[in-house]
Amino acid sequence: MISSVKTNLGHTEACAGLVGLISVIGDFSSNIKSQHLHFRLLNPLIGVMSVEFCRSIVPIEKIKGITSSSVSSFGFSGTNACVVVENVSQDYLASGMMRVFVTAKSATSLSHLLSDAQILIREHG
């Protein structure tokens with residue numbers, strides 16, 4: 001489900017990523033997904049058919065499968081932010097498990113990073 005801070009607050013320029021992150025955290029804390037204001041119809045040339053736009057305020061528990069949100073903000077000044085925020089249950093936190101996201105430029109680099117991460121987790125829990 002797509003929403004936008006820009007439609008609610010306007011241009012946030014240098015703090016676009018921070019405002020997006022605050023919005024996601026606010027959505028998770030209040031269990032309400034903010035609406036995407038003024039959206040009427042997707043341009044048919046975009047070709048995205050399986051995406052739903054949040055046209056009204058929606059309780060998060062009614063959104064099937066939502067566990068995370070991503071923030072992609074690209075400020076005019078060149079300030080960019082891309083982050084994934086996950087909303088986890090108290091049961092998950094109590095289990096002591098953690099999820100780690102790792103990216104790399106190549107399969108070889110990814111393999112090395114994962115090996116290093118496994119060693120770090122074994123040594124430091």
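1. **Basis.** This is a predicted model, where local features need pLDDT of at least 70, side-chain atom pairs count only at pLDDT 80 or more, and totals for chains, interfaces and linings use all residues. Residues are numbered from 1 along each chain as its sequence is written, and side-chain values use heavy atoms, with hydrogens and water left out.

2. **Layout.** The protein chain has four helices and four strands. Helices (H or I, at least four residues) and strands (E, at least two) are DSSP runs, numbered from the N terminus. From that end, the order is α-α-β-β-β-β-α-α.

3. **Burial and surface.** Of the 125 residues, 18% are buried. Buried means under 20% relative accessible area, exposed over 50%, and partly exposed in between (1.4 Å probe, protein chains only). The chain exposes about 9600 Å², and carbon and sulfur atoms supply 59% of that area. Accessible areas come from the Shrake-Rupley method with a 1.4 Å probe; for residues, only the protein chains shown count as cover.

4. **Helix α2.** This helix covers residues 16-30. Its 15 residues should span 21 Å at 1.5 Å a residue, and the end C-alpha atoms are 21 Å apart, which agrees. The expected span is 1.5 Å times one less than the number of residues. A16, G17, V19, G20, V24, D27 and F28 are buried in α2. An α-helix has 3.6 residues a turn, so residues three or four places apart point the same way. Just after α2, N31 takes a positive phi of about 60°.

5. **Strands β3 and β4.** The two pair in the antiparallel sense over seven bridges. Strands pair if DSSP finds at least two bridges between them. S70 has V84 in β4 as its bridge partner. Strand β3 (residues 68-74) has S69, V71 and S73 on its covered face; S68, S70, S72 and F74 lie on the uncovered one.

6. **C82.** This residue sits in strand β4 (residues 80-86). C82 counts as exposed because its relative accessibility is 58%. Leaving aside neighbours within four places in sequence, C82 is in contact (heavy atoms within 4.5 Å) with V71, S72 and F74. L21 is 61 residues away along the chain, yet the C-alpha atoms of C82 and L21 are separated by 9.4 Å.

7. **M98.** M98 lies in the loop between α3 (90-95) and α4 (107-124). At 52% relative accessibility, M98 counts as exposed.
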